[in-house]
Amino acid sequence: MSVLNSAQQKAVAELLRVSPVADELGRRFAAAGHELHLVGGSVRDALLGTLGDDLDFCTDAHPEQTLTVVNGWADAIWETGREFGTIGIQKNGLRIEITTFRAEAYDGVTRNPVVSYGTSLLDDLSRRDFTINAMAVSVPGHEFTDPFGGLRDLAARVIRTPAAPQISFGDDPLRMLRAARFAAKLRFTVDPAVVTAMSDMAADLDRITAERIRDEFTKLMSSADPITGLRLLVDTGLADRFLPEISGLKLEIDEHAQHKDVYEHTLIVVSNAMRLEGDEGPDFVLRMASLMHDIGKPATKAVGRDGRVSFHHHEVVGARLTKQRMKALKYPKDVTGEVVGLVALHLRFYGYGRGEWTDSAVRRYVTDAGPLLSRLHKLTRSDVTTRNRRKAAQLAADYDALEVRIDRIAAEEDLAKVRPDLDGNAIMELLGVPPGPIVGQAWRFLKELRLDHGPLDRDEAEAELFKWARDQGHIS
């Protein structure tokens with residue numbers, strides 16, 4: 001344990017920014033006879049110069065003692081993590097979590113942690129996942145504790161475990177997925193011994209709940225470099241435990257470019273989509289759709305007499321497989337629906353050709369995409385990975401032309417809200433029918449008419465409704 005030296009000076013500016021709060025909190029704990037340390041990811045991020053407004057502390061105080069210290073001082077307090085030894089507070093815009101020293105045990109079956117309180121900082125640090133997350137700085141004293149060489153590994157940009165990786169992953173197999181996530185987030189290299197353990201112990205991930213896997217994978221996909229994390233998951237066999245469709249793409253040759261397989265094409269599509277995200281930040285739905293868009297190819301692969309490979313209707317099969325996989329990972333229905341919708345629609349543009357679509361077809365494209373249209377634009381453009389520059393330029397020009405047509409028609413009609421020219425009340429009044437199936441059938445007929453022909457005036461819409469009703473035998 002030593003005072004921060006010149007090698008850690010880049011952290012000082014970050015720590016000073018939060019010191020007025022952190023040091024005051026530390027003094028309150030010291031006055032009550034307790035230790036308090038900034039710990040884990042907060043120290044790592046401070047050393048990297050990226051400390052945010054969420055701070056993690058550890059202490060020898062138990063939760064009820066922590067509450068006594070912060071009551072009357074914190075702007076807000078929440079106890080949702082109390083059973084895990086964590087008390088959350090807010091102070092001057094900072095979100096702070098204070099967790100009692102832990103000495104975790106595991107049940108040996110599910111590998112889910114059973115939290116028990118520890119008695120020392122060193123014990124607490126020894127149970128953490130990686131050395132770069134096993135550093136601490138005391139407050140208010142600012143003493144730096146790094147028993148496992150986390151600072152050295154941070155400088156070397158490498159991910160190692162405090163103990164042997166087999167022990168660390170044996171305690172909690174989810175840490176294998178976290179290694180890939182941190183590699184993706186920080187653009188660090190994973191230590192070869194850690195990679196070997198990930199490969200050897202991949203099957204242990206089966207003991208982890210779908211929700212915990214989902215949360216880690218979502219963070220990986222939303223990170224700065226998800227491609228690095230995805231490659232690590234596939235290469236170690238971890239992906240086979242919860243997302244085997246991605247590894248399966250390695251065997252399928254992309255019909256658009258015989259020099260690479262669909263797996264490599266998919267990773268390029270994810271990268272392309274990331275470049276189109278804009279200032280809004282990571283778009284998990286777009287990235288996940290890019291990752292899953294071709295997973296229907298293995299089941300639809302066919303080789304013609306001329307030796308050409310085809311994957312007819314792979315978007316339909318892919319959408320179904322995507323829904324099954326995301327349901328298994330317990331993703332929310334709305335997120336799953338958006339990803340599935342994009343996978344199902346990602347090939348639609350290729351029927352556009354050189355502008356042969358009618359205005360009706362353009363309306364249907366926009367209507368079917370609905371609120372996903374902006375993402376569909378990005379996914380479709382990202383899916384062009386051919387090295388044939390002329391072909392790539394032509395496809396880009398064709399899509400430019402489609403977007404121009406969409407904008408033109410949208411200026412003339414409210415494409416975002418394509419609805420029948422008569423609503424349900426008007427249908428019931430005109431046909432003299434009560435609420436029921438006939439009204440729904442008429443509404444759908446009028447919507448199809450609207451998509452085919454654009455807006456109708458009131459007289460035209462009524463005439464079409466009456467003609468439909470007579471043809472269906474609903475009126476004489």
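The side chains of Glu277 and Arg287 meet in a salt bridge, with 2.7 Å from N to O. A salt bridge here is a side-chain nitrogen of Lys or Arg within 4 Å of a carboxyl oxygen of Asp or Glu. Glu277 sits in the loop between helix H13 (262-275) and helix H14 (284-292), and Arg287 in helix H14, 10 residues apart.

This is a predicted model: local features need pLDDT of at least 70, side-chain atom pairs count only at pLDDT 80 or more, and totals for chains, interfaces and linings use all residues. Residues are numbered from 1 along each chain as its sequence is written, and side-chain values use heavy atoms, with hydrogens and water left out.

The structure holds 26 salt bridges, including these:

| Pair | N to O distance |
|---|---|
| Glu277 and Arg287 | 2.7 Å |
| Arg128 and Asp124 | 2.8 Å |
| Glu403 and Arg381 | 2.7 Å |

Glu277 is buried at 7% relative accessible area, and Arg287 is buried at 4%. Buried means under 20% relative accessible area, exposed over 50%, and partly exposed in between (1.4 Å probe, protein chains only). Arg128 and Asp124 are both buried. Glu403 is partly exposed at 22%, as is Arg381 at 28%.

The axes of helix H22 (residues 437-453) and helix H23 (residues 458-471) come within 11 Å and cross at roughly 125 degrees. Helices are DSSP runs (H or I, at least four residues), numbered from the N terminus; axes are lines fitted to C-alpha atoms over the stretch in contact, with angles from 0 to 180 degrees between N-to-C directions.

Notes. Helix = DSSP H or I, 4+ residues; strand = E, 2+ residues; numbered from the N terminus.
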